[in-house]
Amino acid sequence: MKATVLVRPKQGILDPQGEAVESSLRQLGFGVARARIGRVVDLEVEATDPAAARVEVEQMCEQLLANPLIESYEIVLRENGA
Amino acid sequence: MSSPQPRIGVVQFPGSNDDRDALWALAALDADAVPIWHAQTELPDLDAVVLPGGFSYGDYLRCGAIARFSPAMSAVAGFADDGGLVLGICNGFQILCEAGLLPGVLRPNESLSFVCRDVRLRVDRADTPFTCRCRPGEELVIPVKHGEGCWFADKDLYEELLARNQIVLRYAESVNGSLHDVAGVVNERGNVMGLMPHPEHAVDPLLGSADGALILASLVESARDRVLAGV
């Protein structure tokens, strides 16, 4: 399976990178109300069963990919080749 | 009889860059300072451990996130569990937070700028093994050099830490956007401390300040007390 993990700063957590990008986009003339910056991790996991793959990727997020104090994560799974 | 020299290990991770300054400063303060390679699965007989500053594992993912899984860190966690003294400086503080040995997390500075200068600190607690040479409320001048030193804890956690008296050092000036100017915290048991400023860079008046020696000499003294007590 392929998995994409989206890691985001939790709501209410100050995101100075997002604020800097938001202000640059406004300077370029874009109508942006808010920008938040996170991280994308693309994985190819050995598990072939979607439920098993999800459980494993959740464990990866909890143990390493996200810091639960400040970050939330979302997992998007798809078949290899998809 | 001369007092015993406590043996203090300094863990060297790939990307550590203040390890040798820490070894030098601890030796200058009369400790037997020994380097510990990150791949070591067991620690030698030690009276304290220092996790030095730097950019372990390139700061990939989050500062300290990879280093916490190194073999030496499992041994350090066991050492801390047994009540051993552990001091994390800058990247060492980040590693201890990621490892869950200290509360909170260190985030990118609010300004997004790397801060590298002497800063004023206030000692909130002088009754820890890491600050026993200081006076409560004393102001220290010690340099910082970090891009990710903005300490954060959510409201509930911060209030718990206040109630348990775990905030040891605060900045006495604006530095990095750290919550309530927290610069250093200790664990609940009081044997693990982390701070962003670099005491090892301030151990001689020639360096602009010798205040860092108060922190490191506190550690050396506390480690020596443990040798004498046969802990």
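This is a predicted model: local features need pLDDT of at least 70, side-chain atom pairs count only at pLDDT 80 or more; totals for chains, interfaces and linings use all residues.
Residues are numbered from 1 along each chain as its sequence is written, and chains are lettered from A in the order in which they are written. Local features need pLDDT of at least 70 and side-chain atom pairs count only at pLDDT 80 or more, whereas totals for chains, interfaces and linings use all residues.

Chain A contains 2 helices and 3 strands. Helices (H or I, at least four residues) and strands (E, at least two) are DSSP runs, numbered from the N terminus. Their pattern along the sequence is β-α-β-α-β. The radius of gyration of chain A is 16 Å, well over the 12 Å that the globule rule gives for 82 residues, so chain A is more spread out than a compact globule. The radius is taken over C-alpha atoms, and the rule is 2.2 Å times the number of residues to the power 0.38. The C-alpha trace of chain A spans about 45 × 30 × 15 Å along its principal axes. Of its 82 residues, 13% count as buried (20 or more other C-beta atoms within 10 Å of the residue's own, with C-beta atoms placed from the backbone). Among contacts in chain A with a separation of 6 or more, 65% join residues 24 or more positions apart. A contact requires C-beta atoms, placed from the backbone, within 7 Å.

Chain B holds an open sheet of 9 strands with mixed pairing. The strand order is E2-E1-E3-E4-E11-E10-E9-E6-E7. Strands pair if DSSP finds at least two bridges between them. Strands E2 (32–37) and E7 (139–146) of chain B stand at the edges. Each has a single partner strand, so one side of each is left without a neighbour in the sheet. Neighbouring strands are turned by 25° against each other on average, direction ignored. Strands E4 (residues 85–89) and E11 (residues 192–195) of chain B run parallel, joined by 4 bridges. Ile89(B) has Leu195(B) as its bridge partner in E11(B).

Helix H5 (residues 212–229) of chain B packs on the sheet, touching E1, E3, E4 and E7. Its direction makes about 160° with that of E4(B). Axes are lines fitted to C-alpha atoms, for helices over the stretch in contact, and angles run from 0 to 180 degrees between N-to-C directions. In helix H1 (residues 19–28) of chain B, the buried residues include Asp19(B) and Leu23(B). The buried residues of H1(B) pack against E1, E2, E3, E4 and H5 of chain B. Just after H1(B), Asp30(B) takes a positive phi of about 75°.

At the interface, 8 residues of chain B are in contact with 8 residues of chain A.

Notes
Two residues are in contact if their C-beta atoms, placed from the backbone, lie within 7 Å. A residue is buried if 20 or more other C-beta atoms lie within 10 Å of its own, exposed if 12 or fewer, and partly exposed in between; C-beta atoms are placed from the backbone.
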